[in-house]
Amino acid sequence: MTISATQWGSPTATRRALLIHGITMTSNSWEGLAQLLVAEAPNLLAHAWRQGNTDYRISAFAEDLRPYFVMDTSYDVIIGHSFGGAVTVSLLPFLPKKKETTVILLDPGLEFTEEQNKMNLNLFLKETANIKPVNVHMAKNPAWSHRDCMLRTLGFSMCDRTAVEVFRVILQLSEFHGFSGLLKKIPLHLKITVLVSDPKFGVGICNLEHIPRDVERLNVRALTGIGHWIQYECPDAIMDAIPLPRAKL
């Protein structure tokens, strides 16, 4: 299986970020945020014209990203959005233990009911069958730039429809039950921040009630007035969660 990714900045930079997109998106969807960083963003299986496979467990998406950590490759910051947040959490056991890493989860999908999974499946089947043009996204999301709206449409256009099979697998395996449990004890080499969108503004993927409380090295912040697409609507909140001078990234 081949891999593909988008890079920003010098690949030999001493500090780098890894950006993991959500379902029906592409690595290019990080463009706005990535311009503030030295970063690499992989395209997930069945996205950006990548061929899918017969295994649509979230663990398979995470396993597909293991090559980004070969030869002791490490990142100072790893950011995962939505479905990419669940993939990121699945990668935590494989991160180098000798490297301090900041992990930022943007409105991650960690816990879903069976009803929510069915709703997600039907929604993505509908949206991949009838892709909305850029002007529709612009009218619906006034906080997004024209570039963001174009990348949203592009993500749908480049997504293999089999990618939504992940929701069928989730329904069969109840795979989204327990991801938040992986946040109950954070290893010493990791610091995790969860940014949660305002449920009044959009889909509200992440529920604050599902995030463990009073856990060392776990910071949770609810963003009032900000929707699910935090990287489009409030990139400063993400940058504020990175405990490094921006100029060094």
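Author: Begin with one residue. This is a predicted model. At 2% relative accessibility, T88 counts as buried, because buried means under 20%.

Reader: Where is T88 placed?

Author: T88 belongs to helix 3, residues 83–91.

Reader: Which residues is T88 in contact with, leaving aside its neighbours within four places in sequence?

Author: The contacts are I20, I78, I79, G80, V103 and L105.

Reader: Strand 4 comes next. How many of its residues are buried?

Author: Strand 4 spans residues 77–81, and five of its five residues are buried.

Reader: How do I read the side chains of a strand?

Author: In a regular strand, side chains alternate between the two faces of the sheet. Here V77, I79 and H81 point one way from strand 4. I78 and G80 point the other way. All are buried.

Reader: In which sense do strand 4 and strand 5 pair?

Author: They pair in the parallel sense, over five bridges. Strand 5 covers residues 101–106. In it, T102 stands opposite V77. Strand 2, residues 17–20, also runs parallel to strand 4, joined by four bridges. There, I20 has G80 as its bridge partner.

Reader: What do strand 4, helix 3 and strand 5 make?

Author: Together they make a right-handed β-α-β unit.

Reader: How many cavities of 30 Å³ or more does the structure hold?

Author: One. The largest cavity has a volume of about 40 Å³. Its lining divides into five nonpolar, three polar and two charged residues. Among the lining residues are W8, R16 and E40. Strand 1 (5–8) and strand 3 (39–42) each supply at least two lining residues.

Notes:
Residues numbered from 1 in each chain as written. Predicted model: local features only at pLDDT ≥ 70, side-chain atom pairs only at ≥ 80, totals over all residues. Heavy atoms only, no water. Buried < 20%, exposed > 50% of the residue type's maximum accessible area, 1.4 Å probe, protein only. Contact = heavy atoms within 4.5 Å. 1 Å grid on protein atoms, 1.4 Å probe; cavity = no way out; pocket = protein on both sides within 12 Å on 5 of 7 lines; lining within 4 Å. Points joined across faces, edges and corners; volume = space filled by probe spheres on them. Nonpolar A, V, L, I, M, F, W, Y, C, P; charged D, E, K, R; others polar. Pairing = 2+ DSSP bridges. Right-handed = clockwise from strand over helix to strand, strands pointing away.
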